[in-house]
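Let's take a walk through a protein model together. Keep the sequence and the 3D view open, and look up each spot as we reach it.

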Amino acid sequence: MNRIIRKKEFCVGHIDNYYPASGRVILHVDMNAFYCSVHEAEEPELYRGKPTAVAGSIELRKGVIVTCSYAARSLGIRTGMNVRQALRIYPDLMIIQPDFHLYRKYSNAFMNIAYAYTPLLEATSIDECYLDITGSKQFGTPLDIAREIQERIREELSLPCSVGIAPNKLLAKMASDMKKPNGLSVLRIRDVPQVLWNRPCAELFGIGSKTADKLRKLNIQTIGQLAAADEGLLTSTFGVMGSWMKRAASGIDHAPVVAEREQSKSIGHTTTLPQDITSAEEARRVLLNLSDQVARRLRRKGLMTGGIQITLRTPDMKTITRSRHLAIPTENTEDIYREACELYHRHWKQDRPLRLLGVTLQQLAPKEESAIQLDLFDYEKQPKKESLTRVMDELRNKFGESAVLTAGMLGDDPSTLIRNHKRRGTSLQMDFVRDLGNDNKNADQPTSQDPDRD
């Protein structure tokens, strides 16, 4: 499992020719049909090559396909499709309930492989990451490194992935989307006119369908037309986003790879619900679980939050966010949950259905630099509360999420993230990502991080 990186003999002068004198070399590693691929790796005799789909609320046939295998996609089944609809297309589709503990183990495992080639790793979700390999010449050419990472993930974990190689994050992401599954693509800035400019604007990473609709109203249909568009027109319509879009259409992106060990600007957690919810009671239960998870991540990083934001998404995919500044920084689950509930009740009509809820902590600062105001009548209990919280965190880190539960985390309705003492959330967020620089040596390894969007 823990294979040593292959040794090669290189001519240093020859390798230098494959790296820019100035600039960067970025890889984007994107796991293919990640959740389904993990189940295939675990039980190949049952799932390999079969039409499979991961979905929640299977017993009610009201769940949504979170991701599906390529065999299922060839039959017309797609991510986001209702389970009942998918079964009408192919009645023998194998529906698998999510196992997020398993997905996190495999996610950590493939990122540990990637981390062996550079400490500059930025995980953007459970199933993809960026690597800055500009300083990794000792491992060979960029193509050598990308191919070896892909081969090791396939051989050691039995998982397919696509890798994009480019001078920046934007083009690396676009390149990894070009060939799936098991693709390996290079996209340079000089290739952009030929490769991208004839494509519709919606295919440019970072531009959604609504933005593409607005561009069409400006008679901007393709990425090439966007690159040639008047910047003043774009900024008058889209603000600063307009300038970014014009640069991106020409393949220009200056965003650095941000290593995970650097301090987060925010900590967020969302969950797509197995079925829509409408009652305040259901929403509060989900918000409690989300608040608990982001608070634990906050404490793990030794940070305090000065702002709370909630995310609400309707069944028609309309998303709104509402935030609030805190008078006093906090790390407590109770404080975060209270503020999240207040935002929900203030800004949402309870009879309107929701398919997604999220809680994000903002305005983060190291705990030792934060001024904590103690309650006049409760200050003597504060050390005991902090000690209890620390013990609870340690128990759950060691024995799992269900080791310590509060009453609000339990229930049998579809909104509950912990049902029958087992986690069944559908979050795609980053609570699983450790500081790889510190934990790489002690990483969990399996027996054989929107799921993927490919």
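In which loop is Ser 158 found? Ser 158 lies in the loop between α7 (142-157) and β7 (161-166). Those labels come from DSSP runs, counted from the N terminus: helices are H or I runs of at least four residues, and strands are E runs of at least two.

Before going on, a word about what you're looking at. This is a predicted model, where local features need pLDDT of at least 70 and side-chain atom pairs count only at pLDDT 80 or more, while totals for chains, interfaces and linings use all residues. Residues are numbered from 1 along each chain as its sequence is written, and side-chain values use heavy atoms, with hydrogens and water left out.

Most residues other than glycine have a negative phi, and most peptide bonds are trans. Ser 158 is not a glycine, yet has a positive phi of about 60°. With 32% relative accessibility, Ser 158 counts as partly exposed; buried means under 20% relative accessible area, exposed means over 50%, and partly exposed is in between (1.4 Å probe, protein chains only).

Now hop to the loop between α8 (169-176) and β8 (184-186), where you'll find Pro 181. Lys 180 and Pro 181 are joined by a cis peptide bond, with omega about -5°. Asn 182 is in the loop between α8 and β8 too, and has a positive phi near 60° without being a glycine. Asn 182 is partly exposed, at 37% relative accessibility.

Next, some helix packing. Two packed helices are described by the angle between their axes and the distance between the axes. Take helix α2 (residues 34-42) and helix α6 (residues 100-115): their axes come within 10 Å and cross at roughly 90°. (Axes are lines fitted to C-alpha atoms, for helices over the stretch in contact, and angles run from 0 to 180 degrees between N-to-C directions.) So α2 and α6 are roughly perpendicular, the word for angles of 65 to 115 degrees; under 35 is roughly parallel, over 145 roughly antiparallel, and the rest oblique. On the α2 side, the contact (heavy atoms within 4.5 Å) includes Phe 34, Tyr 35 and Val 38, and on the α6 side it includes Phe 100, Tyr 103 and Tyr 106.

Several of those names come back when you look at rings. Rings of Phe, Tyr and Trp (its six-membered ring) pair if their centres lie within 6.5 Å; planes under 30 degrees apart are stacked, over 60 edge-to-face, and the rest tilted. The whole structure has six aromatic pairs. One of them is Phe 34 with Tyr 35, a tilted pair at 6.0 Å centre to centre and 55° between the planes. Phe 34 is buried at 1%, and Tyr 35 is buried at 0%. Phe 100 and Tyr 103 make an edge-to-face pair, 5.4 Å centre to centre with 80° between the planes. These two sit three residues apart in helix α6, so about one helical turn separates Phe 100 and Tyr 103. Ring pairs link Phe 34, Tyr 35, Phe 100, Tyr 103 and Phe 110 into a cluster.

Thr 52 is buried, with a relative accessible area of 0%, and touches residues including Cys 36, Tyr 47 and Cys 68.

Note on methods
Lists of a residue's contacts leave out its neighbours within four places in sequence.
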